[in-house]
Amino acid sequence: MNACLEFNQVAKRYGSVRALAGVELAVAAGSILALLGPNGAGKSTLFGCLLGLIRPSRGEVLWQGQPIRDADRRAVFGYLPERIALYPHRTVRDNGLFFARLKGHPPAELERQLKRVGLYAAQDRPVRQLSKGMLQRLGLALALCGQPQVLVLDEPFNGLDPALLDGLQGILQEEHARGATLLISTHTMSAIEPLATHAAILLEGRLAARGSLGELRAQHGEDSLEAVYHRIARRQRSREREEVIA
Amino acid sequence: MKPLWLIATKEFSDRFRSGWVIACTAVWLGAIALTSLFGLAQIGRIGVQGYERTVVSLLNLVQYLVPLLALLLGHDLMVSEREERTLALIVAGGTSRARVLLGKFLGGVLTLAFPLTLGFAIAGTAIGLAAKDRAVGSFLTLALSGLVLGVVFLAIGLLISTCCRTRVQALVLALLAWCGAVFVFDLVAMGVVLSSNSAQAALEIETATDAMHVNSAADLHKAFAGETEPRPAHAALAQRSQTLASWLLINPVDVFRAVNLPKPAALAVPIPLATASVLLWLGLSLGGGIWKLQRIDL
(Lines give C-alpha, C1' and ligand atoms only; values in the text may rest on other atoms or scores of the structure.)
Protein backbone atom coordinates (compact mmCIF):
# COMPACT_ATOMS: atom_id res chain seq x y z
CA MET A 1 0.00 0.00 0.00
CA ASN A 2 1.27 3.45 -0.93
CA ALA A 3 0.51 5.30 2.32
CA CYS A 4 0.43 9.08 2.11
CA LEU A 5 -0.68 9.60 5.72
CA GLU A 6 0.51 7.68 8.75
CA PHE A 7 -0.65 7.96 12.33
CA ASN A 8 2.21 6.61 14.45
CA GLN A 9 1.11 5.59 17.94
CA VAL A 10 -0.93 8.78 18.28
CA ALA A 11 -2.20 9.17 21.84
CA LYS A 12 -4.04 11.99 23.56
CA ARG A 13 -5.06 12.41 27.17
CA TYR A 14 -7.16 15.18 28.71
CA GLY A 15 -6.17 14.91 32.33
CA SER A 16 -7.36 11.49 33.45
CA VAL A 17 -9.50 10.99 30.34
CA ARG A 18 -7.92 8.99 27.54
CA ALA A 19 -9.16 10.24 24.15
CA LEU A 20 -6.74 8.29 21.94
CA ALA A 21 -4.64 5.30 22.97
CA GLY A 22 -1.76 4.89 20.54
CA VAL A 23 -3.59 4.83 17.22
CA GLU A 24 -1.56 3.22 14.45
CA LEU A 25 -3.11 3.82 11.05
CA ALA A 26 -1.85 4.21 7.48
CA VAL A 27 -4.01 5.83 4.84
CA ALA A 28 -3.44 4.84 1.22
CA ALA A 29 -3.04 7.65 -1.32
CA GLY A 30 -6.20 8.10 -3.36
CA SER A 31 -8.37 6.08 -0.99
CA ILE A 32 -11.58 7.02 0.80
CA LEU A 33 -11.24 6.06 4.44
CA ALA A 34 -14.39 5.90 6.54
CA LEU A 35 -13.59 6.55 10.17
CA LEU A 36 -16.35 4.99 12.23
CA GLY A 37 -17.08 4.93 15.91
CA PRO A 38 -19.62 6.05 18.51
CA ASN A 39 -19.70 9.55 19.97
CA GLY A 40 -16.61 10.17 22.07
CA ALA A 41 -14.60 7.43 20.38
CA GLY A 42 -11.85 9.87 19.41
CA LYS A 43 -12.61 10.49 15.72
CA SER A 44 -12.54 14.30 15.91
CA THR A 45 -9.50 14.17 18.19
CA LEU A 46 -7.66 12.07 15.62
CA PHE A 47 -8.54 14.62 12.91
CA GLY A 48 -7.46 17.40 15.26
CA CYS A 49 -4.03 15.77 15.65
CA LEU A 50 -3.71 15.54 11.86
CA LEU A 51 -4.68 19.18 11.30
CA GLY A 52 -2.54 20.69 14.04
CA LEU A 53 -5.52 21.66 16.19
CA ILE A 54 -4.66 19.23 18.96
CA ARG A 55 -1.21 18.37 20.29
CA PRO A 56 -0.87 14.61 20.71
CA SER A 57 0.37 13.51 24.13
CA ARG A 58 2.45 10.93 22.31
CA GLY A 59 3.15 9.84 18.73
CA GLU A 60 3.08 11.82 15.51
CA VAL A 61 1.37 12.12 12.15
CA LEU A 62 3.41 11.75 8.96
CA TRP A 63 2.51 13.21 5.59
CA GLN A 64 4.42 11.52 2.76
CA GLY A 65 6.86 10.10 5.29
CA GLN A 66 7.64 13.41 7.02
CA PRO A 67 6.26 14.65 10.35
CA ILE A 68 3.79 17.52 9.92
CA ARG A 69 5.39 20.13 12.14
CA ASP A 70 5.32 23.10 9.82
CA ALA A 71 1.95 24.77 9.37
CA ASP A 72 2.70 25.32 5.67
CA ARG A 73 2.65 21.53 5.12
CA ARG A 74 -1.01 21.53 6.13
CA ALA A 75 -1.95 23.61 3.10
CA VAL A 76 -2.48 20.30 1.24
CA PHE A 77 -5.47 19.55 3.49
CA GLY A 78 -9.04 20.67 3.00
CA TYR A 79 -11.07 20.50 6.19
CA LEU A 80 -14.79 20.48 6.87
CA PRO A 81 -15.42 20.53 10.63
CA GLU A 82 -18.45 18.88 12.20
CA ARG A 83 -19.87 22.26 13.19
CA ILE A 84 -18.75 24.80 10.64
CA ALA A 85 -17.94 28.13 12.30
CA LEU A 86 -17.66 31.24 10.15
CA TYR A 87 -18.08 34.98 10.64
CA PRO A 88 -21.88 35.37 10.86
CA HIS A 89 -22.09 39.10 10.04
CA ARG A 90 -20.04 38.70 6.86
CA THR A 91 -21.41 37.47 3.55
CA VAL A 92 -20.78 34.07 2.01
CA ARG A 93 -18.37 35.69 -0.44
CA ASP A 94 -16.49 37.65 2.24
CA ASN A 95 -16.05 34.56 4.37
CA GLY A 96 -15.02 32.52 1.37
CA LEU A 97 -12.52 35.08 0.13
CA PHE A 98 -10.91 35.39 3.56
CA PHE A 99 -10.32 31.67 3.96
CA ALA A 100 -9.43 31.13 0.30
CA ARG A 101 -6.87 33.96 0.34
CA LEU A 102 -5.36 32.66 3.57
CA LYS A 103 -4.55 29.49 1.66
CA GLY A 104 -3.32 31.48 -1.31
CA HIS A 105 -6.23 30.75 -3.68
CA PRO A 106 -7.61 33.37 -6.09
CA PRO A 107 -11.25 34.57 -6.00
CA ALA A 108 -11.97 32.65 -9.22
CA GLU A 109 -11.30 29.37 -7.43
CA LEU A 110 -13.79 30.29 -4.71
CA GLU A 111 -16.39 31.18 -7.33
CA ARG A 112 -15.85 27.82 -9.02
CA GLN A 113 -16.37 25.93 -5.77
CA LEU A 114 -19.41 28.02 -4.78
CA LYS A 115 -20.99 27.17 -8.15
CA ARG A 116 -20.10 23.53 -7.63
CA VAL A 117 -21.91 23.30 -4.29
CA GLY A 118 -24.81 25.43 -5.54
CA LEU A 119 -24.21 28.49 -3.37
CA TYR A 120 -23.08 30.99 -5.99
CA ALA A 121 -26.49 32.70 -6.08
CA ALA A 122 -26.38 33.18 -2.31
CA GLN A 123 -22.90 34.67 -2.20
CA ASP A 124 -24.10 38.10 -1.08
CA ARG A 125 -26.14 36.79 1.83
CA PRO A 126 -24.78 37.11 5.36
CA VAL A 127 -23.75 33.78 6.78
CA ARG A 128 -26.09 34.21 9.76
CA GLN A 129 -29.04 33.92 7.33
CA LEU A 130 -27.96 30.55 5.91
CA SER A 131 -29.74 27.31 6.72
CA LYS A 132 -27.79 24.41 8.19
CA GLY A 133 -27.57 22.69 4.83
CA MET A 134 -26.30 25.87 3.12
CA LEU A 135 -23.73 26.37 5.86
CA GLN A 136 -22.56 22.81 5.36
CA ARG A 137 -22.22 23.43 1.61
CA LEU A 138 -20.27 26.64 2.22
CA GLY A 139 -17.94 24.72 4.51
CA LEU A 140 -17.52 22.11 1.81
CA ALA A 141 -16.76 24.79 -0.81
CA LEU A 142 -14.03 26.19 1.45
CA ALA A 143 -12.60 22.72 2.01
CA LEU A 144 -12.58 22.06 -1.74
CA CYS A 145 -10.82 25.32 -2.64
CA GLY A 146 -7.51 24.74 -4.39
CA GLN A 147 -8.06 21.04 -5.05
CA PRO A 148 -6.48 19.77 -1.81
CA GLN A 149 -4.61 16.49 -1.86
CA VAL A 150 -6.39 15.32 1.27
CA LEU A 151 -9.97 16.11 2.25
CA VAL A 152 -10.75 15.71 5.93
CA LEU A 153 -14.50 15.71 6.53
CA ASP A 154 -15.87 15.44 10.05
CA GLU A 155 -19.48 14.17 10.04
CA PRO A 156 -20.27 15.73 6.63
CA PHE A 157 -23.62 13.93 6.21
CA ASN A 158 -25.22 15.24 9.41
CA GLY A 159 -28.44 17.16 8.90
CA LEU A 160 -28.52 16.90 5.09
CA ASP A 161 -31.76 16.18 3.25
CA PRO A 162 -31.69 13.37 0.63
CA ALA A 163 -31.10 15.76 -2.29
CA LEU A 164 -28.17 17.46 -0.59
CA LEU A 165 -26.80 14.11 0.52
CA ASP A 166 -26.89 12.90 -3.07
CA GLY A 167 -25.15 16.07 -4.24
CA LEU A 168 -22.45 15.72 -1.60
CA GLN A 169 -21.82 12.10 -2.51
CA GLY A 170 -21.46 13.14 -6.15
CA ILE A 171 -18.87 15.80 -5.29
CA LEU A 172 -16.91 13.38 -3.09
CA GLN A 173 -16.85 10.85 -5.94
CA GLU A 174 -15.51 13.55 -8.28
CA GLU A 175 -12.79 14.38 -5.78
CA HIS A 176 -11.87 10.73 -5.48
CA ALA A 177 -11.77 10.44 -9.25
CA ARG A 178 -9.27 13.31 -9.55
CA GLY A 179 -6.98 11.47 -7.11
CA ALA A 180 -7.67 13.13 -3.77
CA THR A 181 -7.46 11.13 -0.55
CA LEU A 182 -10.58 11.41 1.59
CA LEU A 183 -10.89 10.89 5.35
CA ILE A 184 -14.51 10.92 6.42
CA SER A 185 -15.80 10.38 9.93
CA THR A 186 -19.47 9.54 10.13
CA HIS A 187 -22.30 7.71 11.85
CA THR A 188 -24.30 7.54 8.62
CA MET A 189 -23.21 4.12 7.36
CA SER A 190 -25.68 4.08 4.50
CA ALA A 191 -24.14 7.26 3.07
CA ILE A 192 -20.51 6.25 3.41
CA GLU A 193 -20.76 2.62 2.27
CA PRO A 194 -21.17 3.37 -1.46
CA LEU A 195 -18.18 5.74 -1.30
CA ALA A 196 -15.58 4.25 1.01
CA THR A 197 -12.73 2.07 -0.17
CA HIS A 198 -11.37 1.53 3.34
CA ALA A 199 -12.70 1.76 6.89
CA ALA A 200 -11.28 2.11 10.35
CA ILE A 201 -13.31 1.60 13.51
CA LEU A 202 -12.39 3.53 16.63
CA LEU A 203 -13.77 2.42 19.98
CA GLU A 204 -12.81 4.30 23.13
CA GLY A 205 -9.71 5.75 21.54
CA ARG A 206 -8.45 2.41 20.26
CA LEU A 207 -8.43 1.20 16.70
CA ALA A 208 -10.68 -1.88 16.82
CA ALA A 209 -10.52 -2.73 13.11
CA ARG A 210 -9.13 -1.41 9.82
CA GLY A 211 -8.80 -2.51 6.24
CA SER A 212 -10.46 -2.33 2.86
CA LEU A 213 -14.22 -2.74 2.83
CA GLY A 214 -13.89 -6.14 1.11
CA GLU A 215 -11.39 -7.38 3.68
CA LEU A 216 -13.52 -6.27 6.61
CA ARG A 217 -16.69 -7.86 5.23
CA ALA A 218 -14.89 -11.14 4.51
CA GLN A 219 -13.05 -11.16 7.84
CA HIS A 220 -16.22 -10.73 9.88
CA GLY A 221 -18.57 -12.69 7.62
CA GLU A 222 -20.96 -9.80 7.08
CA ASP A 223 -22.29 -8.30 3.88
CA SER A 224 -22.43 -4.64 4.87
CA LEU A 225 -20.18 -2.14 6.60
CA GLU A 226 -22.93 -1.36 9.09
CA ALA A 227 -23.19 -5.03 10.09
CA VAL A 228 -19.39 -5.23 10.45
CA TYR A 229 -19.41 -2.14 12.66
CA HIS A 230 -22.18 -3.43 14.93
CA ARG A 231 -20.51 -6.82 15.24
CA ILE A 232 -17.22 -5.28 16.32
CA ALA A 233 -18.95 -2.85 18.69
CA ARG A 234 -20.96 -5.69 20.28
CA ARG A 235 -17.82 -7.77 20.71
CA GLN A 236 -16.10 -4.82 22.37
CA ARG A 237 -19.01 -4.25 24.75
CA SER A 238 -19.15 -7.91 25.80
CA ARG A 239 -15.38 -7.89 26.35
CA GLU A 240 -15.76 -4.86 28.61
CA ARG A 241 -18.54 -6.58 30.56
CA GLU A 242 -16.33 -9.62 31.05
CA GLU A 243 -13.51 -7.41 32.29
CA VAL A 244 -15.86 -5.72 34.78
CA ILE A 245 -17.11 -9.10 36.03
CA ALA A 246 -13.57 -10.45 36.28
CA MET B 1 3.52 37.90 5.33
CA LYS B 2 0.35 37.70 3.26
CA PRO B 3 -1.74 35.75 5.82
CA LEU B 4 -0.56 38.13 8.52
CA TRP B 5 -1.70 41.17 6.56
CA LEU B 6 -4.98 39.47 5.60
CA ILE B 7 -5.79 38.76 9.24
CA ALA B 8 -4.77 42.30 10.24
CA THR B 9 -6.90 44.04 7.61
CA LYS B 10 -9.86 41.78 8.37
CA GLU B 11 -9.60 42.66 12.05
CA PHE B 12 -9.54 46.39 11.27
CA SER B 13 -12.42 46.07 8.83
CA ASP B 14 -14.48 44.05 11.36
CA ARG B 15 -13.90 46.67 14.06
CA PHE B 16 -14.79 49.43 11.63
CA ARG B 17 -18.03 47.72 10.62
CA SER B 18 -18.98 46.99 14.21
CA GLY B 19 -18.68 50.69 15.04
CA TRP B 20 -15.81 50.18 17.50
CA VAL B 21 -13.45 52.45 15.57
CA ILE B 22 -16.04 55.19 15.16
CA ALA B 23 -17.14 55.01 18.81
CA CYS B 24 -13.54 55.05 19.96
CA THR B 25 -12.79 58.04 17.70
CA ALA B 26 -15.81 59.92 19.05
CA VAL B 27 -14.89 59.24 22.69
CA TRP B 28 -11.28 60.14 22.13
CA LEU B 29 -12.01 63.34 20.18
CA GLY B 30 -14.58 64.44 22.77
CA ALA B 31 -12.25 63.77 25.68
CA ILE B 32 -9.28 65.44 24.04
CA ALA B 33 -11.35 68.52 23.10
CA LEU B 34 -12.80 68.92 26.61
CA THR B 35 -9.41 68.44 28.24
CA SER B 36 -7.73 70.92 25.90
CA LEU B 37 -10.42 73.53 26.55
CA PHE B 38 -11.02 73.08 30.28
CA GLY B 39 -7.87 71.33 31.48
CA LEU B 40 -6.51 74.54 33.01
CA ALA B 41 -9.72 75.52 34.79
CA GLN B 42 -8.02 74.71 38.11
CA ILE B 43 -5.78 77.74 37.72
CA GLY B 44 -8.57 79.90 36.36
CA ARG B 45 -7.90 79.60 32.65
CA ILE B 46 -10.48 78.46 30.13
CA GLY B 47 -9.78 77.91 26.46
CA VAL B 48 -7.03 76.50 24.30
CA GLN B 49 -3.56 77.21 25.67
CA GLY B 50 -0.17 76.47 24.17
CA TYR B 51 1.16 73.00 23.48
CA GLU B 52 3.20 72.57 26.65
CA ARG B 53 0.35 73.47 28.99
CA THR B 54 -2.11 71.33 27.08
CA VAL B 55 0.28 68.41 27.37
CA VAL B 56 0.05 68.61 31.18
CA SER B 57 -3.74 68.55 30.96
CA LEU B 58 -3.72 65.69 28.49
CA LEU B 59 -1.33 63.57 30.57
CA ASN B 60 -4.11 62.38 32.85
CA LEU B 61 -6.42 61.63 29.97
CA VAL B 62 -3.85 59.63 28.02
CA GLN B 63 -2.56 57.62 30.97
CA TYR B 64 -6.09 56.56 31.98
CA LEU B 65 -7.92 56.27 28.70
CA VAL B 66 -5.34 54.88 26.27
CA PRO B 67 -4.44 51.76 28.33
CA LEU B 68 -8.16 51.17 28.95
CA LEU B 69 -9.04 51.42 25.26
CA ALA B 70 -6.10 49.19 24.33
CA LEU B 71 -7.01 46.53 26.90
CA LEU B 72 -10.68 46.62 25.92
CA LEU B 73 -9.64 46.04 22.33
CA GLY B 74 -6.90 43.49 23.03
CA HIS B 75 -8.76 41.26 25.50
CA ASP B 76 -11.19 40.19 22.78
CA LEU B 77 -8.82 39.53 19.90
CA MET B 78 -7.97 35.84 20.35
CA VAL B 79 -10.58 34.60 22.78
CA SER B 80 -13.45 35.58 20.46
CA GLU B 81 -11.94 33.52 17.62
CA ARG B 82 -11.60 30.58 20.01
CA GLU B 83 -15.13 30.90 21.34
CA GLU B 84 -16.57 31.19 17.82
CA ARG B 85 -14.36 28.25 16.69
CA THR B 86 -13.11 30.17 13.65
CA LEU B 87 -9.53 29.89 14.92
CA ALA B 88 -9.61 26.14 14.30
CA LEU B 89 -10.58 26.68 10.66
CA ILE B 90 -7.79 29.24 10.15
CA VAL B 91 -5.14 26.99 11.73
CA ALA B 92 -6.36 23.87 9.91
CA GLY B 93 -5.92 25.75 6.62
CA GLY B 94 -2.17 25.95 7.15
CA THR B 95 -1.75 29.35 8.83
CA SER B 96 0.63 29.08 11.76
CA ARG B 97 -0.60 30.12 15.18
CA ALA B 98 2.20 32.66 15.51
CA ARG B 99 1.05 34.33 12.28
CA VAL B 100 -2.53 34.40 13.51
CA LEU B 101 -1.50 36.10 16.75
CA LEU B 102 0.80 38.60 15.05
CA GLY B 103 -1.86 39.34 12.44
CA LYS B 104 -4.38 39.98 15.19
CA PHE B 105 -1.88 42.24 16.95
CA LEU B 106 -1.19 44.20 13.77
CA GLY B 107 -4.94 44.54 13.17
CA GLY B 108 -5.36 45.75 16.75
CA VAL B 109 -2.58 48.30 16.29
CA LEU B 110 -4.30 49.67 13.16
CA THR B 111 -7.64 49.78 14.97
CA LEU B 112 -6.19 51.62 17.96
CA ALA B 113 -3.87 53.91 16.04
CA PHE B 114 -6.63 55.23 13.77
CA PRO B 115 -8.70 57.08 16.43
CA LEU B 116 -5.68 58.05 18.53
CA THR B 117 -3.78 59.54 15.60
CA LEU B 118 -6.87 61.30 14.32
CA GLY B 119 -7.55 62.77 17.78
CA PHE B 120 -4.00 63.95 18.30
CA ALA B 121 -3.80 65.38 14.76
CA ILE B 122 -7.03 67.36 15.11
CA ALA B 123 -6.19 68.56 18.63
CA GLY B 124 -2.62 69.45 17.62
CA THR B 125 -3.81 71.44 14.62
CA ALA B 126 -6.50 73.23 16.66
CA ILE B 127 -4.04 74.18 19.42
CA GLY B 128 -1.47 75.37 16.90
CA LEU B 129 -4.03 77.57 15.13
CA ALA B 130 -5.87 78.86 18.22
CA ALA B 131 -2.88 79.51 20.47
CA LYS B 132 -0.50 80.42 17.62
CA ASP B 133 2.06 78.14 19.24
CA ARG B 134 4.84 76.60 17.18
CA ALA B 135 6.66 74.75 19.97
CA VAL B 136 5.02 71.48 19.08
CA GLY B 137 7.80 69.20 20.44
CA SER B 138 6.21 68.29 23.78
CA PHE B 139 2.86 67.63 22.11
CA LEU B 140 4.45 65.33 19.54
CA THR B 141 6.25 63.50 22.34
CA LEU B 142 2.92 63.07 24.13
CA ALA B 143 1.21 61.81 20.97
CA LEU B 144 3.97 59.38 20.07
CA SER B 145 4.45 58.05 23.60
CA GLY B 146 0.65 57.81 23.98
CA LEU B 147 0.51 55.62 20.86
CA VAL B 148 3.37 53.49 22.16
CA LEU B 149 1.58 53.18 25.52
CA GLY B 150 -1.52 51.97 23.67
CA VAL B 151 0.47 49.43 21.65
CA VAL B 152 2.09 48.01 24.81
CA PHE B 153 -1.28 47.60 26.53
CA LEU B 154 -2.75 46.13 23.38
CA ALA B 155 -0.03 43.44 23.50
CA ILE B 156 -0.81 42.83 27.19
CA GLY B 157 -4.51 42.58 26.32
CA LEU B 158 -3.69 40.11 23.55
CA LEU B 159 -1.73 37.97 26.02
CA ILE B 160 -4.71 38.01 28.39
CA SER B 161 -6.98 37.12 25.48
CA THR B 162 -4.78 34.16 24.56
CA CYS B 163 -4.61 32.83 28.10
CA CYS B 164 -8.35 33.03 28.84
CA ARG B 165 -11.04 30.54 27.83
CA THR B 166 -13.97 32.96 27.75
CA ARG B 167 -14.52 36.60 26.85
CA VAL B 168 -15.90 37.38 30.32
CA GLN B 169 -12.79 35.94 31.95
CA ALA B 170 -10.60 37.98 29.61
CA LEU B 171 -12.56 41.18 30.26
CA VAL B 172 -12.26 40.81 34.03
CA LEU B 173 -8.54 40.14 33.79
CA ALA B 174 -8.06 43.10 31.42
CA LEU B 175 -9.83 45.47 33.81
CA LEU B 176 -7.77 44.16 36.72
CA ALA B 177 -4.60 44.72 34.67
CA TRP B 178 -5.72 48.29 33.97
CA CYS B 179 -6.41 49.00 37.65
CA GLY B 180 -3.09 47.41 38.56
CA ALA B 181 -1.07 49.47 36.10
CA VAL B 182 -2.83 52.80 36.56
CA PHE B 183 -3.66 52.82 40.29
CA VAL B 184 -2.34 49.93 42.32
CA PHE B 185 1.27 49.79 41.09
CA ASP B 186 2.14 53.27 42.34
CA LEU B 187 0.59 52.70 45.75
CA VAL B 188 2.36 49.39 46.17
CA ALA B 189 5.67 50.79 44.93
CA MET B 190 5.37 53.76 47.26
CA GLY B 191 4.53 51.50 50.18
CA VAL B 192 7.44 49.17 49.48
CA VAL B 193 9.90 52.02 49.05
CA LEU B 194 8.73 53.90 52.14
CA SER B 195 8.80 50.79 54.27
CA SER B 196 12.39 50.23 53.16
CA ASN B 197 13.25 53.82 54.21
CA SER B 198 14.38 54.85 50.77
CA ALA B 199 13.31 58.45 50.97
CA GLN B 200 14.79 59.58 47.69
CA ALA B 201 13.09 56.85 45.71
CA ALA B 202 9.82 57.62 47.48
CA LEU B 203 10.15 61.23 46.40
CA GLU B 204 10.71 60.12 42.83
CA ILE B 205 7.61 57.94 42.93
CA GLU B 206 5.58 60.78 44.36
CA THR B 207 6.75 63.11 41.62
CA ALA B 208 6.16 60.66 38.82
CA THR B 209 2.69 59.88 40.08
CA ASP B 210 1.83 63.52 40.70
CA ALA B 211 -0.07 63.67 37.45
CA MET B 212 -2.65 61.36 39.01
CA HIS B 213 -3.64 63.93 41.57
CA VAL B 214 -5.70 66.98 40.67
CA ASN B 215 -4.05 69.36 43.09
CA SER B 216 -0.58 68.28 42.14
CA ALA B 217 -1.48 68.67 38.50
CA ALA B 218 -2.56 72.21 39.27
CA ASP B 219 0.81 72.77 40.89
CA LEU B 220 2.49 71.63 37.72
CA HIS B 221 0.44 74.13 35.72
CA LYS B 222 1.43 76.86 38.10
CA ALA B 223 5.03 75.93 37.69
CA PHE B 224 4.57 76.51 33.99
CA ALA B 225 2.81 79.81 34.47
CA GLY B 226 5.57 81.05 36.75
CA GLU B 227 2.98 82.03 39.33
CA THR B 228 4.70 80.15 42.10
CA GLU B 229 8.02 78.54 42.61
CA PRO B 230 8.20 74.86 41.83
CA ARG B 231 7.75 72.68 44.90
CA PRO B 232 11.06 72.29 46.72
CA ALA B 233 10.82 68.58 46.29
CA HIS B 234 10.58 69.00 42.51
CA ALA B 235 13.48 71.43 42.44
CA ALA B 236 15.63 69.09 44.46
CA LEU B 237 14.64 66.28 42.21
CA ALA B 238 15.53 68.19 39.08
CA GLN B 239 19.05 68.57 40.45
CA ARG B 240 19.25 64.81 40.82
CA SER B 241 17.76 64.23 37.40
CA GLN B 242 20.43 61.76 36.49
CA THR B 243 19.27 59.35 39.14
CA LEU B 244 18.28 56.11 37.56
CA ALA B 245 14.70 55.53 38.58
CA SER B 246 14.72 51.87 37.70
CA TRP B 247 11.40 51.15 39.39
CA LEU B 248 9.73 53.43 36.86
CA LEU B 249 10.72 51.09 34.07
CA ILE B 250 8.59 48.26 35.45
CA ASN B 251 5.30 49.95 34.68
CA PRO B 252 4.65 51.27 31.14
CA VAL B 253 2.28 53.91 32.56
CA ASP B 254 5.06 55.29 34.75
CA VAL B 255 7.48 55.27 31.81
CA PHE B 256 4.91 57.30 29.90
CA ARG B 257 4.50 59.76 32.77
CA ALA B 258 8.22 60.15 33.25
CA VAL B 259 8.76 60.82 29.55
CA ASN B 260 6.04 63.49 29.46
CA LEU B 261 6.29 65.24 32.82
CA PRO B 262 7.16 68.90 32.35
CA LYS B 263 10.70 70.09 32.95
CA PRO B 264 10.35 71.38 36.56
CA ALA B 265 9.31 67.93 37.67
CA ALA B 266 11.26 65.94 35.12
CA LEU B 267 12.77 62.63 36.13
CA ALA B 268 15.77 61.17 34.45
CA VAL B 269 14.51 58.14 32.60
CA PRO B 270 16.95 57.75 29.72
CA ILE B 271 15.18 57.25 26.40
CA PRO B 272 17.19 54.08 25.55
CA LEU B 273 16.08 52.51 28.85
CA ALA B 274 12.48 53.60 28.33
CA THR B 275 12.64 52.10 24.82
CA ALA B 276 14.14 48.89 26.21
CA SER B 277 11.33 48.69 28.78
CA VAL B 278 8.71 49.10 26.05
CA LEU B 279 10.39 46.50 23.84
CA LEU B 280 10.65 44.11 26.77
CA TRP B 281 6.93 44.45 27.52
CA LEU B 282 6.11 43.93 23.84
CA GLY B 283 8.45 40.96 23.59
CA LEU B 284 7.15 39.32 26.76
CA SER B 285 3.51 39.86 25.88
CA LEU B 286 3.73 38.75 22.26
CA GLY B 287 6.25 35.96 22.96
CA GLY B 288 4.15 34.75 25.89
CA GLY B 289 1.04 34.89 23.72
CA ILE B 290 2.63 32.83 20.95
CA TRP B 291 4.03 30.33 23.47
CA LYS B 292 0.63 29.89 25.08
CA LEU B 293 -1.30 29.74 21.81
CA GLN B 294 0.92 26.96 20.50
CA ARG B 295 0.01 24.86 23.54
CA ILE B 296 -3.75 25.24 23.29
CA ASP B 297 -5.91 22.47 21.87
CA LEU B 298 -8.51 23.98 19.56
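This is a predicted model: local features need pLDDT of at least 70, side-chain atom pairs count only at pLDDT 80 or more; totals for chains, interfaces and linings use all residues.
Side chains of opposite charge can pair when their charged atoms come close.

A second salt bridge links the side chains of D72(A) and R99(B), at 3.6 Å from N to O. Between chain B and chain A the count is 4 salt bridges. Over all chains, a search of the whole structure finds 23 salt bridges.

## The interface of chain B and chain A

Chain B contributes 27 residues to the contact, and chain A contributes 27 residues. The size of an interface is often given as the accessible area lost when the parts come together. Here the area buried between chain B and chain A is about 2400 Å², and carbon and sulfur atoms give 57% of that area.

Polar contacts also cross this interface: 11 residue pairs are found, with both residues at pLDDT 80 or more. On the side of chain B that touches chain A, four helices each supply at least two residues: α1 (2-18), α4 (77-84), α5 (86-92) and α6 (97-131). Of these, α1(B) gives the most, with 7 residues. Sorted by class, this side of chain B has 10 nonpolar, 7 polar and 10 charged residues.

## Packing of α4 and α7 in chain B

Helix α4(B), which supplies residues to the side that touches chain A, also packs against helix α7 of chain B, residues 137-163. The angle between α4(B) and α7(B) is about 25°, and their axes are 6 Å apart. Because of that angle, α4(B) is roughly parallel to α7(B).

From α4(B), the residues L77(B), M78(B), V79(B) and R82(B) take part in the contact. They meet L154(B), L158(B), S161(B) and T162(B) of α7(B). By class, the residues of this contact divide into 5 nonpolar, 2 polar and 1 charged.

Conventions. Residues are numbered from 1 along each chain as its sequence is written. Chains are lettered from A and ligands numbered from 1 in the order in which they are written. Side-chain values use heavy atoms; hydrogens and water are left out. Contact means heavy atoms within 4.5 Å. Buried area is the accessible area (1.4 Å probe) that two parts lose on being put together, summed over both. A polar contact is a pair of N or O atoms within 3.5 Å; within protein, one must be able to donate a hydrogen and the other to accept it, and residues adjacent in sequence count only if both atoms are side-chain atoms. Ala, Val, Leu, Ile, Met, Phe, Trp, Tyr, Cys and Pro count as nonpolar, Asp, Glu, Lys and Arg as charged, and the others, Gly among them, as polar. Axes are lines fitted to C-alpha atoms, for helices over the stretch in contact, and angles run from 0 to 180 degrees between N-to-C directions. Angles under 35 degrees count as roughly parallel, over 145 as roughly antiparallel, 65 to 115 as roughly perpendicular and the rest as oblique.
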